[in-house]
Amino acid sequence: MSRLVRPALVAIGLGVIAYLVHRVGVAAIWSSFEMLSWRLLVVLFFPFSAATFLHTLGWHYTFRVPPRSFGRLLGARLAGEAVNLATPTASVGGEPVKAYLLRPGVPLPDGLASVVVDKTTVVLGQTILLLVGVIVGWLLVPTPSGLLVTMVGLLVVEILAVSGFVAVQLHGVAGRGGRLLARFGVGPGADHQAKLEGIDRTVRALYRERPRRLAVSVLWHFAAFALGAIEIYLVVRFLAIPISLPVAFTIEAFSTGVKFISFMVPASLGVLEGGNVAFFAAFGLGGA
């Protein structure tokens with residue numbers, strides 16, 4: 001069944017995109033690409049490159065002893081995120097890849113502990129962005145009440161999810177998982193179980209001994225997600241459509257909420273496009 005999950009999700013996502021293209025109109029979409037012209041290169045590279053740098057900086061603050069080479073850290077992050085986007089591993093399959101690629105400069109247990117904590121600070125950054133987006137949408141931007149209520153509900157789900165994720169980590173998710181598998185006769189050996197327990201100790205130490213560094217990590221991830229508003233702003237302005245930065249920020253914040261709930265779908269294919277069309281239509285910007 002697991003081999004069928006990714007092709008099925010990809011097929012459904014492509015089907016949704018095909019429907020959206022048909023509904024919005026091929027001519028309207030192609031006209032937008034023609035209007036963007038060479039400026040599409042700016043949109044493709046500038047915001048994403050800057051956001052990737054900030055996300056890597058956020059990861060840098062989740063190590064007990066950060067790697068000496070920031071470039072190696074950046075490369076490991078890119079490789080891991082590629083695995084997350086391209087495989088049906090619920091956006092976590094690439095995390096061990098990141099830790100593995102940092103060897104031998106960073107011991108594997110320390111690397112695994114850092115990616116677990118970094119995943120938490122990433123989601124916290126997303127949650128804060130959605131919170132700020134809801135506030136901006138409520139106070140500064142005319143937002144449909146139904147959409148706002150939906151985003152508030154999604155915000156509550158995110159808060160509960162990240163709270164549970166932190167609680168599980170503090171109670172030793174790696175070691176408990178090994179012991180649970182052992183009950184079914186497929187658990188790790190004594191040496192590997194000791195390593196799992198070591199990962200749990202490192203994770204707990206990061207939370208208890210370095211809360212300020214983790215808070216800085218959350219802020220860098222928040223800033224990286226917020227840069228997505230610049231991407232939206234540039235695209236719409238290049239298409240000669242008036243848009244304010246608060247509107248662009250609100251759309252980006254709502255989009256990160258869609259990414260959160262569609263983590264099982266590779267690259268959020270179809271789900272994110274459908275959400276963006278709905279958000280743009282809600283703010284009177286058109287689906288194309």
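Residues are numbered from 1 along each chain as its sequence is written. In this predicted model, local features need pLDDT of at least 70 and side-chain atom pairs count only at pLDDT 80 or more, while totals for chains, interfaces and linings use all residues; side-chain values use heavy atoms, with hydrogens and water left out.

Helices and strands are DSSP runs numbered from the N terminus (helices H or I, at least four residues; strands E, at least two). Helix α3 (residues 39-60) and helix α4 (residues 70-86) have axes that come within 10 Å and cross at roughly 110°. Axes are lines fitted to C-alpha atoms, for helices over the stretch in contact, and angles run from 0 to 180 degrees between N-to-C directions. α3 and α4 are therefore roughly perpendicular to each other (angles under 35 degrees count as roughly parallel, over 145 as roughly antiparallel, 65 to 115 as roughly perpendicular and the rest as oblique). Among the residues that meet are Phe53, Leu57 and Trp59 in α3 and Phe70, Leu73 and Arg77 in α4. The residues of this contact (heavy atoms within 4.5 Å) divide into eight nonpolar, four polar and one charged. Here Ala, Val, Leu, Ile, Met, Phe, Trp, Tyr, Cys and Pro count as nonpolar, Asp, Glu, Lys and Arg as charged, and the others, Gly among them, as polar.

The crossing of α10 and α11 is right-handed (a crossing is left-handed if the near helix is turned anticlockwise from the far one by less than a right angle, and right-handed if clockwise). The contact includes Phe222, Phe225 and Tyr233 of α10 and Leu245, Phe249 and Glu252 of α11. Its residues comprise eleven nonpolar, two polar and one charged.

The crossing of α6 and α11 is left-handed. Among the residues in contact are Val123, Gln126 and Leu130 of α6 and Phe249, Glu252 and Lys259 of α11. This contact divides into eleven nonpolar, six polar and two charged residues.

The second largest pocket has a volume of about 190 Å³. On a 1 Å grid over the protein atoms alone, a pocket is an open set of points where a 1.4 Å probe fits, with protein on both sides within 12 Å along at least five of seven lines; lining residues have an atom within 4 Å of a point. Grid points are joined across faces, edges and corners, and a volume is the space filled by probe spheres set on the points. Of the 17 lining residues, Val65, Pro66, Pro67, Gly105 and Val106 are the closest to the centre of the pocket. The elements giving two or more residues to the lining are α6 (108-139) and α9 (190-209). The lining consists of eight nonpolar, five polar and four charged residues.

Phe238 lies in α10. Phe238 and Leu36 are 202 residues apart in sequence, but 6.1 Å apart in space, C-alpha to C-alpha. Beyond its neighbours within four places in sequence, Phe238 is in contact with Met35, Leu36, Arg39 and Val43.

Most residues other than glycine have a negative phi, and most peptide bonds are trans. Ser37, in the loop between α2 (26-36) and α3, has a positive phi near 50°. The peptide bond from Arg103 to Pro104 is cis, with omega near -5°, and Pro104 is placed in the loop between α5 (94-101) and α6.
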